[in-house]
Amino acid sequence: MDSHTLEVLEYPRIIARLADCCACSLGRLGAERLRPRNDADWVVERLAETGQARIVLQEFGRPPFGGVGDTTELLKQARAGRVLEGTEILRVNANARGARMVGSYFAQARRDAPLLAEFADRLGVYQELEEWVERAIDDHGAVRDDASHELVRLRRSEEDLRAEMQDRMESVLDHAARSGAARERIIVQRTGRYCIPVASSHQSRVPGIVHDRSDSGATVFIEPQEVVARGNRLRETELAIGEEIRRILRELSHLIGALSVALEADLEALSVLDFIVAKAKLAQQMSATQPAVRTDRIVHLKGARHPMLTGDVVPIDLRIGDAFTTMIITGPNTGGKTVAIKTVGLLSVMAQSGLHIPANPGSEVAVFEEIFADIGDEQSIEQSLSTFSSHMTQIVKVIHRLAAHERRHKQKKVDAPVNALVLLDEVGAGTDPTEGAALAQAIIERLHASGAITIVTTHYNDLKGFAYSTEGIENASVEFDVRTLRPTYHLRIGEPGASNALQIAQRLGLPGEITRRAGEFIDPDQVAFEDLIRRVESSRRAMDRQQTEAYKARVEAERLQVQREEQIEDLERRREEALEQGFSEALDIAREAEDEARAIIAELQRQPKQSKITEDGRKRLSEMRQKAKERLQEVRQERVEREKRRAQAAEESAEAAAEAATEPEVAQIHAGDRVHVTSLGRDGEVLRALDSGTVEVRVGNMTVETTAADLAPAREQVSSEAQEIHKRMQTRKSMDLEEEIDVRGMTVDEAIGDLSKWLDDAMLAGATHLRIIHGKGTGALREGIHDYLRKQRYVSDFTLADLREGGTGATEVRL
């Protein structure tokens, strides 16, 4: 990766923050060596391990890297036979203990972090070394008195001899003091021997060995003769103790030397794990997310933030690489153009380094073979280069590198664009504006021809028109509020920006006559060009709104029709249920009548044939039969009439379907369609389709109103060039549309400004379901957005999102 690019994108500052997140020097070294890679598989795996480390940190807390350090040289020395000091052995043992603890830590996270557990599996357990060091060396690196049985014996012997020496020395000191020979009643050591200070003039009164003399010569330090033998034995014991200590250190060093290869391998694994965990810590600090990795050169950033900015950072949304591969960003100084391209570049190199990026979930990054950036004032005093020359030097290098890629593709017979990202800030600046604009256009044209993904910033108005007229190049701008003289930092793709210099100057207090006079000096053609661009954008937005409203009306009519049909079906269903209920009741009546009739017949059979009871029974039976017959007749008639109504409804539905299939519908006719007006015998272009069923069509220089039945497909074919332009514009709109927008952090007015264009684009692209993320907060932003949606005729319905999808923090919109 180009070193100049990494420098201007402030990649070293990211590396410094990453190094600060490391727990030990091992991980810090890995962080400082980190560089972007252009291997997609490597990038995917590194991003995944960072994500796994974040899960582990959240679940189990920070891993136990405390005390781990770089002991590579000590291990090499131990392997070569050098006896290590106690403190050095402690450092090696700290790594051994750290390897064991870190291995156990990641073993419990194997399910959530398999990639990290794979590294942890390489770590060894050195129980013998740990136990021996714990037993033999104290926390300060000194050999413990009980490190061995021999050392225990020697330490006790030393203690006894010192006690004897102390007693004998005090006795001699008392005698010398009484004789006046001792200058002070103290016992001192000289060259490791016990002595008493004696006046030089009384030296003969204390027989013994002189070991030292004061600077003035008035005092000599004498070891009394009667303790010399005991002093010799004490010295011999001290030497034996030293030898035993060296033996213990030598054996520990020998064990470390034998384990040095495995311990060095552990250092490598620990450094990798510490480095990966540091990446996770950095991601947490930045509130970063894991981006998806694409291999088709498409970059799609959602809510991207520059990681070095603090405070209330305005995120940007950007997509490039599919509908267009070159973006020209225009707008005022301090408006955020440079921050925008720096954000794209820095997040790209971060992702290709395996780092999560500060952007919203769902962001996607491409893996570029090379990334080039020329940003900021690169004026060089040492090389006597102006700003223009310095920038041009970098651009020349970029073009040569891209040309080299093109030659390799040609040699390999590969028909593919150069897989590179090029970021140029204020291209062509620092020289004559006319020549600078021409040079900038030629440079952009060359970069665009190579196929490299290119984003440039500029003040040159000519480049706005160049972007409008060139396929694959798109305008973009950063907003600036001339009322507050503050940039909003919102990046708007598809809309060119303006410098607003005169408005800003006047708002800052420059007299109006000066700004008006300045306006007179501006090239009228340039003013006309700016006005043309504004009119084109205004017309496009108005057309989008009209099409959106028409689409919404059509959808609303279809919805009402479906609702009406459902209501009719519901009424018919209820009526049928009532009829079925009546038929059931009629059957019950018939059954009851039949039961009663049987009872009457049985009674009649028990009575004499001519009795009064018999006569009454026959009469009742006749009446019951007549009533049942009449009720059953009514039910049958109702069933016949119901079947007739069903058949008639089915016939009417079939006729309506046949009529709909043979006659064109207004809903199928759209503004811009080429049609043939049958009554005039001429082709024309549809201007708009009205809800009343009338269609406005431009035929030549006149506009006529007719019906859909009077229209047929155009008989004259539109030129292939016009068709291609129309298709390209329509495709760009549908490709650019995002069905989700994030307006968190905005005011209600700012959010509505973004929503207006977004909803217009959605209607033009034919979207029906959208999602607005506004956050929870105080609810003011949510209510403001809902009030706005209620007033939009093409919004059929909107509801708060499901709890699992954000709840009151998001709104689902249906168009």
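Modeller: What follows is a walk through some of the salt bridges. This is a predicted model, in which local features need pLDDT of at least 70, side-chain atom pairs count only at pLDDT 80 or more, and totals for chains, interfaces and linings use all residues. Residues are numbered from 1 along each chain as its sequence is written, and side-chain values use heavy atoms, with hydrogens and water left out.

A salt bridge here is a side-chain nitrogen of Lys or Arg within 4 Å of a carboxyl oxygen of Asp or Glu, and the structure holds 43 of them. One of these joins D145 to R155, whose closest N and O atoms are 3.0 Å apart. This pair links distant parts of the chain, since D145 sits in the loop between α8 and α9 (149–179) while R155 lies in helix α9, 10 residues apart; helices are DSSP runs of H or I with at least four residues, numbered from the N terminus. D145 is partly exposed, with a relative accessible area of 45%, and R155 is also partly exposed, at 24%, where partly exposed lies between buried (under 20%) and exposed (over 50%), using a 1.4 Å probe and protein chains only.

D145 and R155 also belong to a network of salt bridges that links them with E158, R162, R235 and E238.

Another salt bridge connects the side chains of E783 and R782, at 3.9 Å from N to O. In that pair E783 is partly exposed, with a relative accessible area of 37%, whereas R782 is buried, at 17%.

Definitions and conventions
Helices (H or I, at least four residues) and strands (E, at least two) are DSSP runs, numbered from the N terminus.
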